[in-house]
Amino acid sequence: MQYHVNGFHPGDPRFSDPQDAVVAPPIKRPMPSEVDVLIIGCGPAGLNLAAQLSQFGQIKTAIVDIKDDRLLVGQADGIACRTVEMFQAYGFADQIIQEGYQVNEAAFWKPDAENPEHISRTGKVEDVEEDLSEMPHMIINQARVHDEFLRVMRQGPGKVEPHYQRKFLGLEVNEQDCEYPVTVKLERMVNYSQFNQEIETVKAKYVVGCDGARSGVRTAIGHKLVGDALNQAWGVMDVLLNTDFPDIRLKSLIQSNKEGNMLIIPREGGYMARIYVELDKLKENERVARDQMTPDILIAAANRIIAPFTMDVKDVAWWSVYEIGQRITTAFDDATAERSARVFLAGDACHTHSPKAGQGLNTSVMDTWNLGWKLAHVLTGLAPESLLATYSLERHEYGQALIDFDREWSAMFSAKPKSAEHPEGIDPAEFQRYFKLFGRYTAGVSIQYRPSQAMGSDKYDELATGLKAGLRFHSAKVIRHGDAKPVQLGHCHTANGAYRMYLFAGQQAPMSNDCHVRKLADYLMKDPSSPVHRFTPDGADIDSVIDIRAIFQCHHHALERSQLDPLLTPQKGKFGLKDYEKVYCAPLKKGKDIYDMRGIDRNKGCVIIVRPDQYVAKVLPLDDIQGINAFFEQVLIAQ
């Protein structure tokens, strides 16, 4: 899509008249007195958590923010491949892909060898390696992502709408109150007179602080951010411009000789670009003089760095100045030796870092993507409260790894190019190599959670070497048996909080007496001790907690619907209608199939259990009924 040609306008770009994209202001209403989950902060972490919890109509969720309305102009813009995979679970990945800018290549520029005061291109590399994800690396205004989360929240069974103009004042945890142990005080910011302060009190089972780097929730539970600042300042601006710089529509990393470094990120719409400009290094303990900074100063700095090329900026849609610092909180929740967690932290309340690696929004939403389904399972009685301890365990380790990566990347990005004048500088070739090396990290697909209550061991990982326990489920194309449609297998992971259990068949004849998929499906369907029966609530659809799907190696014509086990055509809903989308076949017309691409043992096949947040929890043999039962017994409660 192309838009913004006549200036930047927030909202849905599909409206020809920007005024038609304006959304009515939120309805002002009082806070509920009691909720299951109270979320503080309407940033990406908070909205993602609210969107996940809104899928459960029986959970009462409230989300508050000090702002008076939704975000219109975003700060973050980079959407990693892994995050787009998550958007697919909510059903709006296609919207983001159509509307945003897709990053395909990155260009590298350094001082020209013959004229160091000018820059020259050193090379171009693919931004995303082949088969890293079925989803692209996207650039789009953060506000548009917020809009999609808000839509999911409104449309979900929980019907969640934000309460704006609420300032967090503090909280208390009283374990003597077994039902609503957390009491939160909020100030309603509708009257700024000190004599008319309006205080609201909300009692909650759980509170999640998604209120940014200066988190009041974090302070209230006695935690703080620890780490270092790099004493570096950067300016950032979204601009509509004309330029003779040839790579303006590519992600461009530019190192100048004496004027500092710059990063260009093309923006959605075809005409706008985001420009990060390195400002003078700060002295120790010195702050950026924001009141003395202007867009004109940033534009002039950008033109000095990019010489011999020039930028003619026509409009500045947004700009800011920030200092680089890498900090992480001392803990992600308020759990003690005596009690489990009642208050959680997520997003910038947990970790802060530079934006140049594009991990801010992406890491924040992955925090609450991890936490959301765990809260939902505990609150609906599906899982024990002990499951919540795995949130801090998993995300704190990743948060620290992010800080370590960002510190190294930021220092490398801000270093001067290596030369006779600067022998201590960074070799541009090394800089480019490092960029390619850490592509998987910045794409968000390198996370591997350790074994825990929510994550099984790697004992049988050799059965599926490309789908190891702890890694996200790496999708691949298959043929859906019911309608012969080529689909991405991972796209059946909707945000409904269910586990997925994939039965990859071995080489036995499909659904024959020797077929291990048939034997396992028969047990799961008929035996009262199977996890499907033990952990699915009475009256719920059979796939609402554990969604079982089968993949066969044969051509889809070789398998008849009448041969399938009833578990693979379950009857659902009030009419008991059959679901015809549980069975897939691997062969495609050309190229490798999913068995080849994901290293699945063709002879033995395997079971792959995937958590609601799309991470592989366990790989098991098809005949390991005991192993299947043991895993679900530690994460679910018998119904």
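The model is predicted, so local features need pLDDT of at least 70 and side-chain atom pairs count only at pLDDT 80 or more, while totals for chains, interfaces and linings use all residues. Residues are numbered from 1 along each chain as its sequence is written, and side-chain values use heavy atoms, with hydrogens and water left out.

**Domains**
- The protein chain is divided into domain 1 (34-76 + 142-227 + 328-400), domain 2 (102-138 + 230-323) and domain 3 (461-635), with bounds that come from an automatic or database domain assignment.
- Taken over C-alpha atoms, the centres of domain 2 and domain 3 are 46 Å apart.

**Where domain 2 meets domain 3**
- In contact (heavy atoms within 4.5 Å) are 5 residues of domain 2 and 7 residues of domain 3.
- About 420 Å² is buried between domain 2 and domain 3, and carbon and sulfur atoms give 40% of this area; buried area is the accessible area (1.4 Å probe) that two parts lose on being put together, summed over both.
- On the side of domain 2, Asp131, Leu132 and Glu134 lose the most area to domain 3, together 85% of what that side buries.
- The count between these two domains is 1 salt bridge, a term for a side-chain nitrogen of Lys or Arg within 4 Å of a carboxyl oxygen of Asp or Glu.
- Arg598 and Asp131 form a salt bridge in which the closest N and O atoms are 2.9 Å apart.

**Strands around β10**
- Strand β1 (residues 34-40) runs parallel to strand β10 (residues 198-209), joined by 6 bridges, and Ile39 stands opposite Val208 in β10; strands are DSSP runs (E, at least two residues), numbered from the N terminus, and two of them pair if DSSP finds at least two bridges between them.
- Strand β9 (residues 182-188) pairs with β10 in the antiparallel sense over 7 bridges, with Arg188 opposite Glu198 in β10.

Methods:
Helices (H or I, at least four residues) and strands (E, at least two) are DSSP runs, numbered from the N terminus.
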